[in-house]
Amino acid sequence: MAGFWKRLLPKRFRKKGVTIPVIRLHGAIMAGGSQFKQTLNLATVAPMLDKAFSKKEAPVVAIAINSPGGSPVQSRLIFQRIRALAEEKDKKVLMFVEDVAASGGYMIALAGDEIFADPTSIVGSIGVVSGGFGFPELLRKIGIERRVYTAGENKVILDPFQPEKEGDIEYLKSLQLEIHKVFIDMVKMRRGERLVDDATIFSGLFWSGLRGVDLGLVDGLGDMREVLKRRYGKDAQLELIGSARTLFGRRVPGVFGAGKAGEIAAGAAAGLAAGIEEKALWSRYGL
């Protein structure tokens, strides 16, 4: 209907060029979120995706990705939602890497029909990592006795207050290998023959955008505005799709909202912990 009324307007009043919806996905990928810490997950991203893909006259949806990774589940959920909407709405998706699209960030980038990066962007890190700290001697030294009661011999597997067990490590690694295989299969499915025959691609290494083109992880170099103007005309308009906001202008952080004092304090603590974890993710790539 909008197209009908648009055609009735004199040419001098019509907007020149196509309007391309743009989404910017920035940050570590983690389930949850709060008013104290914004994270990338399906709950926070889905409304923007729905809005962008609802633009009927747009020939393409452009997505800028800047993420060091995080939750493989949330990364895959976002990837699947983008692909489902692209097929449902019959739209092409162009991905543009900013500083980094590594690990889960690159998994999301795979949703693009084409991936572009800056020569100095970081891409790749196709692997799985788990980390933590062990404190087997701490409680004994400070005179605290740990008491844990379980039904099920493996309920305290990888307990940081107990010495590492070889069987626990082997089990964790078996899970990592399963997740890694899912990631590898996604890369092969989406990148296909564009990938070069190089065993290091799936080793967890990461590269510059320039090297990413050589390996087939990236299709080309260039920034979003330049690429879109070149492909869709100099009069193409870029429309940034933002996340939903509250009455007071704050972004809606997923399904969380302001609560009582105790809930707010808990949210602040969770936000601090998430911030530390996110900082560790970024620092892996020197950012």
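Which residue of strand 2 is the bridge partner of Leu-25? In this predicted model, the partner turns out to be Ile-65. That pairing belongs to a parallel arrangement of strand 1 and strand 2, which runs over five bridges. Strand 2 also pairs with strand 3, again in the parallel sense, this time over seven bridges. Here Ile-63 sits opposite Met-95 of strand 3.

For the protein chain as a whole, 38% of the 287 residues count as buried.

Helix 8 (residues 224-232) is one of the elements that pack against strand 2. Its buried residues are Met-224, Val-227, Leu-228 and Lys-229. In an α-helix, residues three or four places apart point the same way, because there are 3.6 residues a turn. Besides strand 2 (60-67), the buried residues of helix 8 pack against strand 1 (19-26), strand 3 (92-102), strand 4 (114-117) and strand 8 (237-240). The two ends of the helix have their own details. At the start, a side-chain oxygen of Asp-223 comes to within 3.2 Å of the backbone nitrogen of Arg-225. After the helix comes Gly-233, with a positive phi near 100 degrees.

Positive phi turns up at a couple of serines too. Most residues other than glycine have a negative phi. Ser-103, though not a glycine, has a positive phi of about 55 degrees. This serine lies in the loop between strand 3 and helix 4 (104-109), and it is buried, with a relative accessible area of 14%. Ser-125 likewise has a positive phi of about 55 degrees without being a glycine; its loop is the one between strand 5 (122-124) and helix 5 (138-141). Ser-125 counts as buried as well, at 4% relative accessibility.

Zooming out, the protein chain holds nine helices and eight strands. Among contacts between residues at least 6 apart in sequence, 74% join residues at least 24 apart. The chain exposes about 16,900 Å², and carbon and sulfur atoms supply 57% of that area.

Definitions and conventions. Residues numbered from 1 in each chain as written. Predicted model: local features only at pLDDT ≥ 70, side-chain atom pairs only at ≥ 80, totals over all residues. Heavy atoms only, no water. Buried < 20%, exposed > 50% of the residue type's maximum accessible area, 1.4 Å probe, protein only. Helix = DSSP H or I, 4+ residues; strand = E, 2+ residues; numbered from the N terminus. Contact = heavy atoms within 4.5 Å. Polar contact = N/O pair within 3.5 Å; in protein donor to acceptor, adjacent residues only side chain to side chain. Pairing = 2+ DSSP bridges. Areas by Shrake-Rupley, 256 points an atom, 1.4 Å probe, with all protein chains shown as cover.
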